[in-house]
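Here are my notes on the model you sent over.

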Amino acid sequence: LIEMLKPTTFTGNVNVTGTVDTTGSIVASGGQVRSDSVVLVTSTAPQMNDGNVHIFTNDATTAAFTLTNCQQEQAGAMYSFVIDNRLGPVCTLTLGANYKFANGIEPNIVRAGKVLVISAVCLATDFLACTWAEDFS
């Protein structure tokens, strides 16, 4: 266990296996905070321990996609779900009950040639507060 009594600057890469706990802020100066893990999914329950961004790319043959409830989500985390239908036909979309949308208005299709993005904040293990957008032109 290394305990630092004063601010310490590291030059180069710092790798941590495990959890980083802090009582202060984590600041990215001149960089960005991101997940290196972007997961391609199919009709499955997204495993949130795999990363915060989950992408389904329609291969032009899928006419229906089901995004079931997440697994291993953590309260306070933010997640993105991208359905890339740029090559596909109109695709019907079914969402698990844990995805909650403002005023109950949730997407139920992804138009042909479009991309749908669902952004979510996890409030509890069974509650994702979501917004969505489509047609990034």
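The points below go from the overall make-up to single residues.

1. Ground rules. This is a predicted model, so local features need pLDDT of at least 70 and side-chain atom pairs count only at pLDDT 80 or more, while totals for chains, interfaces and linings use all residues. Residues are numbered from 1 along each chain as its sequence is written, and side-chain values use heavy atoms, with hydrogens and water left out.

2. Overall make-up. The protein has 0 helices and 9 strands. Here helices (H or I, at least four residues) and strands (E, at least two) are DSSP runs, numbered from the N terminus. Of the 137 residues, 29% are buried; that term means under 20% relative accessible area, with exposed being over 50% and partly exposed in between (1.4 Å probe, protein chains only). The accessible surface comes to about 9400 Å², and 52% of that belongs to carbon and sulfur atoms. Those areas come from the Shrake-Rupley method with a 1.4 Å probe, and for residues only the protein chains shown count as cover.

3. Contacts along the chain. Take the contacts with a separation of 6 or more: residues 24 or more positions apart account for 56% of them. Contact means heavy atoms within 4.5 Å.

4. Two strands pair if DSSP finds at least two bridges between them. β4 and β8 do this in the antiparallel sense over 8 bridges, with Val 82 having Val 117 in β8 as its bridge partner. β8 and β9 are also antiparallel, over 8 bridges, and they form a hairpin with 2 residues between them. Within that pairing, Ser 119 stands opposite Thr 131 in β9.

5. The three-stranded sheet. There is an open sheet of 3 strands in the order β3-β5-β7, with mixed pairing. β3 and β7 (109–110) are at the edges with a single partner strand each, so one side of each has no neighbour in the sheet. β5 and β7 run antiparallel and are joined by 2 bridges; Thr 92 stands opposite Ile 109 in β7.

6. The core. Which residues have the most contacts inside the largest nonpolar core? They are Phe 81, Tyr 99 and Leu 128, in a core of 21 residues. A nonpolar core is a set of buried Ala, Val, Leu, Ile, Met, Phe, Trp, Tyr and Cys residues joined through side-chain atoms within 4.5 Å. β3 (64–67), β4 (78–85), β5 (91–95), β6 (99–101), β8 (114–124) and β9 (127–134) each supply at least two residues of this core. The largest share, 4 residues, comes from β8.

7. Phe 81 up close. Leaving aside neighbours within four places in sequence, Phe 81 is in contact with a list of residues including Pro 46, Met 48, His 54, Leu 67 and Tyr 99. Val 117, the bridge partner of Val 82, is also one of the contacts of Phe 81.

8. Aromatic pairs. The whole structure has 2 aromatic pairs. Rings of Phe, Tyr and Trp (its six-membered ring) pair if their centres lie within 6.5 Å; planes under 30 degrees apart count as stacked, over 60 as edge-to-face and the rest as tilted. Phe 56 and Phe 65 have ring centres 4.1 Å apart and planes at 20°, so they are stacked, and both are buried. Phe 81 and Tyr 99 have centres 5.6 Å apart and planes at 85°, so that pair is edge-to-face. It links distant parts of the chain, with Phe 81 in strand β4 and Tyr 99 in strand β6, 18 residues apart.

9. Cysteines. How many disulfides does a search of the whole structure find? The search finds 0, a disulfide being a pair of cysteine sulfur atoms within 2.5 Å. For Cys 130, the nearest cysteine sulfur is that of Cys 70, 8.1 Å away. Cys 130 is buried at 5% relative accessibility, and Cys 91 is buried as well, at 1%.

10. Leu 95 is in strand β5 and is buried at 12% relative accessibility. Leu 95 and Thr 68 are 27 residues apart in sequence, yet 5.7 Å apart in space, C-alpha to C-alpha. Asn 98 is in the loop between β5 and β6 and counts as buried at 17%; its contacts beyond four places in sequence include Asn 69 and Leu 128.
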